[in-house]
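Thank you for making time this morning. I would like to walk you through one model, and I will ask you to keep the sequence and the coordinates open while I talk.

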Amino acid sequence: MFFSEAGARPRTWEASPSEHKKWVKVFKACDEDNKGYLSREDFKVAVVMLFGYKPTKIEADSVMSSVNPNTSGLSLEEFLSIVRKKKEVQLHRNEIRHIFTAFDRHYRGYLTLEDFKKAFRQVAPKLSERTILEVFRPSLLEKEHKHS
């Protein structure tokens, strides 16, 4: 289970009915003057309400450039699609962080080769040491490159 999911694309995830209602409620709350869409500023407020951070200019530009040119902003359906994708990414990152933390037994914020070997011995005992080294090696190369 672990390896089939670890490097895979985030699984499609569906919001619960209560979460979906919350997103619609946020859309309506941020849709100033009930115009039926979210402007750039409305979108920023909605992201703060749902995710707790203000989107960067680049993120806001990216979202607003994806909007249908015949409309003045994000429709409810476009907003719900964006929020669902953001939630999927957030859940995937949390899953990765959880797995990493399980391997980082000394709470250092990084994995040594020994940590890596020990983790793989637990989850994939038949994996060869050579394969483990090949997986770990790019990290070593990046670290060396940063310090040169």
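This is a predicted model: local features need pLDDT of at least 70, side-chain atom pairs count only at pLDDT 80 or more; totals for chains, interfaces and linings use all residues.

Let me begin with helix H2, residues 17-30, and helix H5, residues 76-103, whose axes come within 10 Å and cross at roughly 125°. That angle makes H2 oblique to H5, and the crossing in which H2 passes H5 is right-handed. On the H2 side the contact is made by Glu19, His20, Trp23, Val24, Val26 and Phe27, while H5 contributes Leu76, Phe79, Leu80, Val83, Arg84 and Lys87. Sorted by class, the residues of this contact between H2 and H5 comprise eight nonpolar, one polar and three charged.

The second pair is helix H3, residues 40-51, with helix H4, residues 57-65, where the axes again come within 10 Å and the crossing angle is roughly 120°. Here too the angle makes H3 oblique to H4, and H3 passes H4 in a right-handed crossing. From H3, Arg40, Phe43 and Lys44 meet Lys57, Ala60, Asp61, Val63 and Met64 of H4. In this contact of H3 with H4 there are four nonpolar residues, no polar ones and four charged ones.

That brings me to the charged side chains, and a search of the whole structure finds 12 salt bridges. One of them joins arginine 40 to aspartate 61, with the closest N and O atoms 2.4 Å apart, and this pair links distant parts of the chain, since arginine 40 lies in helix H3 and aspartate 61 in helix H4, 21 residues apart. Both partners count as partly exposed, arginine 40 at 25% relative accessibility and aspartate 61 at 30%.

Aspartate 61 also forms a salt bridge with lysine 57, where the closest N and O atoms are 3.0 Å apart. Because lysine 57 and aspartate 61 are four residues apart in helix H4, about one helical turn separates them. Lysine 57, at 59% relative accessibility, counts as exposed.

Finally, Asp31, Lys35 and Asp42 are linked in a network of salt bridges.

Note on methods. Residues are numbered from 1 along each chain as its sequence is written. Side-chain values use heavy atoms; hydrogens and water are left out. Axes are lines fitted to C-alpha atoms, for helices over the stretch in contact, and angles run from 0 to 180 degrees between N-to-C directions. Helices (H or I, at least four residues) and strands (E, at least two) are DSSP runs, numbered from the N terminus. Angles under 35 degrees count as roughly parallel, over 145 as roughly antiparallel, 65 to 115 as roughly perpendicular and the rest as oblique. A crossing is left-handed if the near helix is turned anticlockwise from the far one by less than a right angle, and right-handed if clockwise. Contact means heavy atoms within 4.5 Å. Ala, Val, Leu, Ile, Met, Phe, Trp, Tyr, Cys and Pro count as nonpolar, Asp, Glu, Lys and Arg as charged, and the others, Gly among them, as polar. A salt bridge is a side-chain nitrogen of Lys or Arg within 4 Å of a carboxyl oxygen of Asp or Glu. Buried means under 20% relative accessible area, exposed over 50%, partly exposed in between (1.4 Å probe, protein chains only).
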